[in-house]
Amino acid sequence: MSELLQVESLCIGLKQTGKPIVKQVSFALRKGAALAVVGESGSGKTLTCKAILRLLHDRTFTVSGSIRYRGQELLAASERDMRALRGNRIAMIVQHPMMAFDPTATIGTQITETIMAHRRISKRDAYSSGVRALERMNLPRCEQLMNSYPSELSGGMLQRIVIALAIIHEPDVIIADEPTTALDVRNQSMVLQELKQLKQSGIGLLLVTHDFGVAAGLADEMLVMREGEVIERGTVHDVFAAPREAYTKELLEARILMRKEDRHDRDEGCIQTV
Amino acid sequence: MVSMIRRRLTGLAVVLFGVTLLSFLLASISPVDPAEAYALRVTQQPTPEQIAAIRVELGLHLPLHQQYFRWVGNLLQGDLGISYLTKKPVLSDIAEKLPVTLQLVGLALVWVALVTVPIGILTALKPGTLFDQAVRWATILGISLPSFWLGFLLLLLFTLILPVFQVVNAGTLGSLILPSLTLAVPAASAFIRLFRATLLSNLNKDYVVYARARGIRQSRIVWVHVVKNSLPPLITLFCQYVGLLVTGSAVVESLFSLPGIGMHLVNASMARDLPTVNGCVLVIALIFVLTRTAAELINARLNPKLTDKEERLYG
């Protein structure tokens with residue numbers, strides 16, 4: 001079986017009211033493949049991501065269905081087994097790199113603790129392999145970066161650190177939740193480039209985005225979600241060429257419109273600065 | 001950090017100037033004449049001449065600004081004047097009374113810290129449980145109890161019903177247990193509520209979710225990250241409470257007959273003992289300003305972001 005991750009009939013609901021938020025979502029992720037989950041905000045994409053890593057509080061949410069990683073049922077796994085998988089076999093890239101780190105701890109502390117969470121090595125070794133991980137991401141002055149606090153770094157730098165941390169344990173699956181949303185255009189293309197390389201190295205990539213452009217650039221297959229339901233699925237090519245659902249068409253058109261406006265805004269911005 | 005300390009020290013001078021000026025002005029608009037009060041303590045029925053003589057002797061005949069500058073001049077030489085009441089130097093009176101209060105407040109804050117940290121963490125980690133509910137009701141009760149009433153209850157309990165240790169025996173640690181508990185109960189209640197709320201808001205932050213997503217142990221997330229991020233408001237309040245409890249200790253001190261600075265200040269105010277009042281106010285203001293500065297320095301150490309902002313704001 002080549003499926004790394006198989007999600008079947010995943011349902012997420014609010015515990016208190018019983019209101020369903022994610023309904024009967026199913027998909028599979030293969031090695032070296034990228035699956036994009038596209039939808040507007042509030043469509044349940046991020047909740048689906050968090051549910052896979054079992055990061056949702058059971059005080060607030062009920063999760064049912066099946067999530068299997070290499071055949072292992074995650075919804076039935078112990079917290080201890082889950083901890084061993086998180087960040088190690090299944091890693092996550094977050095939406096807001098500026099808020100992803102503890103503001104009171106140095107980047108170095110947070111990198112070494114991530115390494116030591118899954119490897120039995122000394123603090124010093126963890127530290128130096130942290131420096132190497134940052135160097136691999138082409139970050140400048142890595143020793144200095146290790147001693148800096150998150151508030152001292154830019155969003156693009158922090159997102160590169162997040163990516164460095166995601167691949168530090170060579171995971172099989174990376175869940176990237178809106179990895180480019182909080183970044184400027186230059187950092188966006190840098191991050192997309194990184195993700196493309198990861199995919200080529202054989203990692204299964206689950207890409208969550210509201211941006212069809214990002215999905216088209218990276219993914220092979222895509223799901224379109226609306227109000228917690230999958231309303232369209234297929235290869236990226238098919239969905240773009242012939243969207244079956246009116247909603248998908250709407251989203252695609254909205255994007256084209258947005259692009260135009262964006263360009264318009266940028267032109268205006270240029271004029272203003274001149 | 002250094003610029004922050006320098007800024008605080010300048011602020012300290014300004015605050016102390018304002019406080020001494022205010023306590024001087026407020027004392028002068030009081031309807032009771034300090035010279036008359038003094039004379040009444042010396043003789044049964046003082047004549048107006050005697051009162052006038054005393055006024056000159058105490059320097060109270062001078063215009064207010066001259067009195068103030070004379071007082072500040074003496075203060076700069078380390079002289080706070082002579083108490084009208086005890087006839088001893090104000091400074092030596094304070095040096096005698098303050099340690100009692102500081103011990104009392106110190107012990108009370110030890111109780112507060114010991115109780116707040118574990119209970120705050122336990123309730124924040126499992127909100128809504130029976131324990132959490134119980135703590136909530138207990139803290140509401142603790143905040144609303146008047147301290148004199150609580151003190152009486154404790155006295156009653158430990159003197160008549162459960163006489164396990166000596167309650168009134170100034171100078172020993174045992175004699176401080178009940179009064180410090182009386183001070184600690186309302187304070188700890190406020191602290192537990194604040195700490196629980198801060199911890200809860202931190203537990204819901206993105207960095208906690210992301211730390212869990214990286215496989216970091218829950219115990220490490222809580223103790224290293226969440227607790228550290230939740231400390232600054234607690235430390236600010238804690239340091240404020242040093243000053244608040246020193247001033248608020250009068251009730252407890254009178255209840256447990258402790259010769260502390262709270263009682264000293266109340267007695268001095270009643271007797272129009274102006275040098276003592278001004279001296280005590282100065283010392284208490286100093287405690288407030290110093291603890292506030294300490295809180296800011298500790299917080300800046302804990303959270304580098306706080307210093308950054310300050311530096312940017314104040315250049």
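**Reading a sheet and a helix pair**

Author: H10(B) and H11(B) are roughly perpendicular to each other. This is a predicted model.

Reader: At what angle do helix H10 and helix H11 of chain B pack, and how far apart are their axes?

Author: Angles of 65 to 115 degrees count as roughly perpendicular. Helix H10 (residues 218-255) of chain B packs against helix H11 (residues 261-270) of chain B at about 90 degrees, and their axes are 6 Å apart.

Reader: Which residues of H10(B) and H11(B) meet?

Author: From H10(B) come B:Val246, B:Thr247, B:Ser249, B:Ala250, B:Glu253 and B:Ser254. They meet B:Ile261, B:Gly262, B:Met263, B:Leu265 and B:Val266 of H11(B). Sorted by class, this contact has six nonpolar, four polar and one charged residues.

Reader: Now chain A. What is the strand order of the open sheet?

Author: Strands of a sheet pair through backbone hydrogen bonds, either parallel or antiparallel. Here six strands form an open sheet in the order E6-E7-E8-E3-E9-E10 (chain A), and the pairing is mixed. Strand E6 (90-93) and strand E10 (229-235) of chain A are the edge strands, each pairing on one side only. On average, neighbouring strands are turned by 15 degrees against each other, direction ignored.

Reader: How many bridges join E7 to E8 in chain A, and do these strands run parallel or antiparallel?

Author: Strand E7 (residues 173-177) and strand E8 (residues 204-209) of chain A run parallel and are joined by five bridges. A:Asp177 stands opposite A:Val208 in E8(A).

Reader: Which strands does helix H7 of chain A touch?

Author: Helix H7 (residues 185-200) of chain A packs on the sheet and touches strand E3 (34-38), E7 and E8 of chain A. The direction of H7 makes about 150 degrees with that of E8(A).

Technical notes:
Residues numbered from 1 in each chain as written. Chains lettered and ligands numbered in written order. Predicted model: local features only at pLDDT ≥ 70, side-chain atom pairs only at ≥ 80, totals over all residues. Pairing = 2+ DSSP bridges. Helix = DSSP H or I, 4+ residues; strand = E, 2+ residues; numbered from the N terminus. Axes fitted to C-alpha atoms, helices over the stretch in contact; angles between N-to-C directions. Contact = placed C-beta atoms within 7 Å. Parallel < 35°, antiparallel > 145°, perpendicular 65-115°, else oblique. Nonpolar A, V, L, I, M, F, W, Y, C, P; charged D, E, K, R; others polar.
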